[in-house]
Amino acid sequence: MTDWMELERRYYMFVVRRQPVVILRGQGTRVWDVDGKEYLDFTAGWAVNNLGHCHPAVTKAIQEQAATLMQTSNQFYTTPQLKLAQVLVENSCLDRVFFSNSGAEANEGAVKLARKYGRLHRNGAYEVITALNSFHGRTLAMVAATGQPHYQENWKPLAPGFVNVEYNDLEAIKKATSDRTCTVMLEVLQGEGGVNLPSEGYLKGVREWCDEQGLILIFDEVQTGLGRLGTLFGYQWAGVEPDVMTLAKGLGGGVPIGAFLCKEKCAVLEPGDHGSTFGGNALTCAAAYASTEYIISHNVPGHAREIGEYLRRTLERLQRRNPMVTEVRGTGLLLAVQFGADISGKVVAACNNEGLLLNPVRPNAIRLMPPLIITREEIDEGVARLERGLAKAQASQG
Ligand SMILES: *Cc1c(COP(=O)(O)O)cnc(C)c1O
């Protein structure tokens, strides 16, 4: 039998320490590896598979579109792109959309838009304020936006015009604002940074400051969009509207697509300003349309809210049984379990053996982001596997 891990060691760039699981297929909340072992997937392709793996509505749309038309270039109109644009705009507070291929690219487009706005309406202002512990992607500009030193160190000199300030500190944003500032870009809830919630009044305060100063407020909803927090978009959960919103992960039902949307007042891009060969192609847009339409028409965000509460309560009961768990935080189906020691690597490895896939978001915290269609039975089963994995990790810790 092929040794896939050996092939990876030999041929693939060593950019990630992978879990020793070679996944062959997925269905709903579960995946199976090459040996036929079954796992509950509480990573959902990194908050991507909001409808689970290979949802029939998405698979059917891809099959039909793949046999009809995949790619034309944006010189021409195509119907899946425009159907997707319509459903996103009509169900959000934003007025216009552009499609990219990833989250980082969506954020790049959003920052370009904000800089053009600054050029036109704020005397050439170009600077972008972002938060520490944020995550905005891996392109050269987005590592400057991402306020985590370990993502920045090797790529210096960083792209100029980005200022990273403390999250949940409105005064820090006010102090960093100058004549050069054109935009503030934030996650409504920091995902990759450890599942960090905005404090009471923070986002509302930032909104008011941006209005007062004429700054564009960008919400990076690459992780929080499309139902993850129990509302279609995270800004609805936060109760604060952005001027620009970016999406990716959960948008495509599993295929790579990103988007940035803006309000009419800052729709400043003109022909020639921005573009993408693959962005908005018929194939990924058909998949994203099928997924988004299903999420809206079946009230998947409402299910995520309810089932997320159930998962949280189940984890809180685990916390009462095991003092190693010191906190359960997050909202909807974007949750973290905090430990009293740096054992998340061991917990994730032990849970793999128990048949549960997790993300060690911090040395002392795991992130849970299962498909939004998860059932109570699957949650009970997943948390039972987590409890067994945690106990084994603790035993091996001594
Ligand atoms: C994952 C993520 C990105 C980057 O998306 P890619 O598709 O990997 O480029 C950007 N912002 C947030 C909040 C993310 O979670």
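**View 1. Residues that bring helix α4 together with helix α11 in the predicted model.** On the α4 side, the contact is formed by Pro80, Gln81, Lys83, Leu84, Val87 and Leu88, which meet Ala282, Cys285, Ala286, Ala288, Tyr289, Thr292 and Ile296 of α11. Sorted by residue type, the contact of α4 with α11 comprises 10 nonpolar residues, two polar residues and one charged residue. The axes of α4, which spans residues 79-90, and of α11, which spans residues 282-297, come within 8 Å and cross at roughly 30°. Because angles under 35 degrees count as roughly parallel, α4 and α11 are described as roughly parallel to each other. The handedness of this crossing of α4 and α11 is left-handed.

**View 2. Packing of helix α3 against helix α11.** The axes of α3 and α11 lie 8 Å apart, and the two helices pack at an angle of about 155°. Since angles over 145 degrees count as roughly antiparallel, this angle makes α3 roughly antiparallel to α11. In passing α11, helix α3 makes a right-handed crossing. The residues of α3 that take part are Ala57, Val58, Ala61, Ile62, Gln65 and Ala66, and they meet Ala282, Leu283, Ala286, Ala287, Ala290, Ser291 and Tyr294 in α11. The contact of α3 with α11 divides into 11 nonpolar and two polar residues, with no charged residue. Ala282 and Ala286 of α11 are listed in the contact with α3, and Ala282 and Ala286 are also listed in the contact with α4.

**View 3. Helix α13 crossing helix α14.** Helix α13 covers residues 344-354 and helix α14 covers residues 376-397; their axes come within 8 Å and cross at roughly 130°. With this angle, α13 and α14 are therefore oblique to each other, and α13 passes α14 in a right-handed crossing. From α13, the residues Lys346, Val347, Ala350, Cys351 and Glu354 meet Arg385, Leu386, Arg388, Gly389, Leu390, Lys392, Ala393, Ser396 and Gln397 in α14. The contact of α13 with α14 is made up of six nonpolar, three polar and five charged residues.

View 4. For Lys249, by contrast, the pair involves the side chain, an N or O atom of which is 2.6 Å from an oxygen atom of the ligand.

**View 5. Backbone details at Pro157 and Cys54.** Lys156 and Pro157 are joined by a cis peptide bond, for which omega is about 5°. Pro157 belongs to the loop between α7, residues 149-152, and β6, residues 162-165. At Cys54, phi is near 50°, a positive value in a residue other than glycine. Cys54 is located in the loop between α2, residues 44-47, and α3, residues 56-66.

Conventions. Residues are numbered from 1 along each chain as its sequence is written. This is a predicted model: local features need pLDDT of at least 70, side-chain atom pairs count only at pLDDT 80 or more; totals for chains, interfaces and linings use all residues. Side-chain values use heavy atoms; hydrogens and water are left out. Axes are lines fitted to C-alpha atoms, for helices over the stretch in contact, and angles run from 0 to 180 degrees between N-to-C directions. Helices (H or I, at least four residues) and strands (E, at least two) are DSSP runs, numbered from the N terminus. Angles under 35 degrees count as roughly parallel, over 145 as roughly antiparallel, 65 to 115 as roughly perpendicular and the rest as oblique. A crossing is left-handed if the near helix is turned anticlockwise from the far one by less than a right angle, and right-handed if clockwise. Contact means heavy atoms within 4.5 Å. Ala, Val, Leu, Ile, Met, Phe, Trp, Tyr, Cys and Pro count as nonpolar, Asp, Glu, Lys and Arg as charged, and the others, Gly among them, as polar. A polar contact is a pair of N or O atoms within 3.5 Å; within protein, one must be able to donate a hydrogen and the other to accept it, and residues adjacent in sequence count only if both atoms are side-chain atoms.
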